[in-house]
Amino acid sequence: MKRVTFTDRCDGIGSVYNKGDIAVFPDSVADAIVAAKKGTAEAMPDPEPAKVSGKKDAVDPGPGKDDPETTPENGKS
């Protein structure tokens, strides 16, 4: 992926980008924009893989007494 800074109006890629706009594109699209002299591209670092921790995800306790769907309309249980 590359971050493109547009140096001129560019409207042939599904959206309209004006001078100064910044967007992220796959390498091939960014290279085409640069080749058309509509912008400059800068490589972006690859995202790091998610780290796995030893913690378990929080467990949803299910509907509780404060849940409006399970509380009677008069507010009494």
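Is Lys37 exposed or buried at 70% relative accessibility? Lys37 counts as exposed at that value, where exposed means over 50% relative accessible area, buried under 20%, and partly exposed in between (1.4 Å probe, protein chains only).

The legends below describe a predicted model, in which local features need pLDDT of at least 70, side-chain atom pairs count only at pLDDT 80 or more, and totals for chains, interfaces and linings use all residues. Residues are numbered from 1 along each chain as its sequence is written, and side-chain values use heavy atoms, with hydrogens and water left out.

**Figure 1. Overview of the chain.** Helices (H or I, at least four residues) and strands (E, at least two) are DSSP runs, numbered from the N terminus. Of the 77 residues in the chain, 13% are buried. Contact means heavy atoms within 4.5 Å. Among contacts between residues at least 6 apart in sequence, 43% join residues at least 24 apart.

Figure 2. Two strands pair if DSSP finds at least two bridges between them. Strands β1 and β2 run antiparallel and are joined by four bridges; Lys2 has Phe25 as its bridge partner in β2. Strands β1 and β3 also run antiparallel, with five bridges joining them, and Val4 has Ala41 as its bridge partner in β3. The covered face of β1 carries Lys2, Val4 and Phe6, while Arg3 and Thr5 are on the uncovered face.

**Figure 3. Salt bridge between Lys2 and Asp31.** A salt bridge is a side-chain nitrogen of Lys or Arg within 4 Å of a carboxyl oxygen of Asp or Glu, and the structure holds two. In this view the side chains of Asp31 and Lys2 meet at 2.7 Å, N to O. Asp31 belongs to helix α1 (residues 27–35) and Lys2 to strand β1 (residues 2–6), so the pair ties together parts that are 29 residues apart in sequence. Lys2 counts as buried at 19% relative accessibility, whereas Asp31 is partly exposed, with a relative accessible area of 39%.

**Figure 4. Salt bridge between Arg3 and Glu42.** The side chains of Arg3 and Glu42 meet in a salt bridge at 3.2 Å, N to O. Arg3 in strand β1 and Glu42 in strand β3 (residues 39–43) are 39 residues apart, and the pair links distant parts of the chain. Arg3 counts as partly exposed at 30% relative accessibility, and Glu42 counts as partly exposed at 45%. Side chains of opposite charge can pair when their charged atoms come close.

Figure 5. Rings of Phe, Tyr and Trp (its six-membered ring) pair if their centres lie within 6.5 Å; planes under 30 degrees apart count as stacked, over 60 as edge-to-face and the rest as tilted. The structure holds three aromatic pairs. For Phe6 and Phe25 the ring centres are 6.2 Å apart and the planes at 85°, so the pair is edge-to-face. Phe6 lies in strand β1 and Phe25 in strand β2 (residues 22–25), so this pair ties together parts that are 19 residues apart in sequence. Tyr17 and Phe25 also form an edge-to-face pair, at 5.7 Å centre to centre and 80° between the planes. Phe25 is buried, with a relative accessible area of 9%, and Tyr17 counts as buried at 18%. Ring pairs link Phe6, Tyr17 and Phe25 into a cluster.

**Figure 6. Nonpolar core around Val4.** A nonpolar core is a set of buried Ala, Val, Leu, Ile, Met, Phe, Trp, Tyr and Cys residues joined through side-chain atoms within 4.5 Å. The largest one has eight residues: Val4, Phe6, Cys10, Tyr17, Ala23, Phe25, Ala30 and Ile33. Elements β1, β2 and α1 each give two or more residues to this core. Leaving aside neighbours within four places in sequence, Val4 is in contact with residues including Ala23, Phe25, Ala30 and Ile33.

**Figure 7. Backbone at Lys37.** Lys37 lies in the loop between α1 and β3. Lys37 has a positive phi of about 60° although it is not a glycine. Most residues other than glycine have a negative phi.
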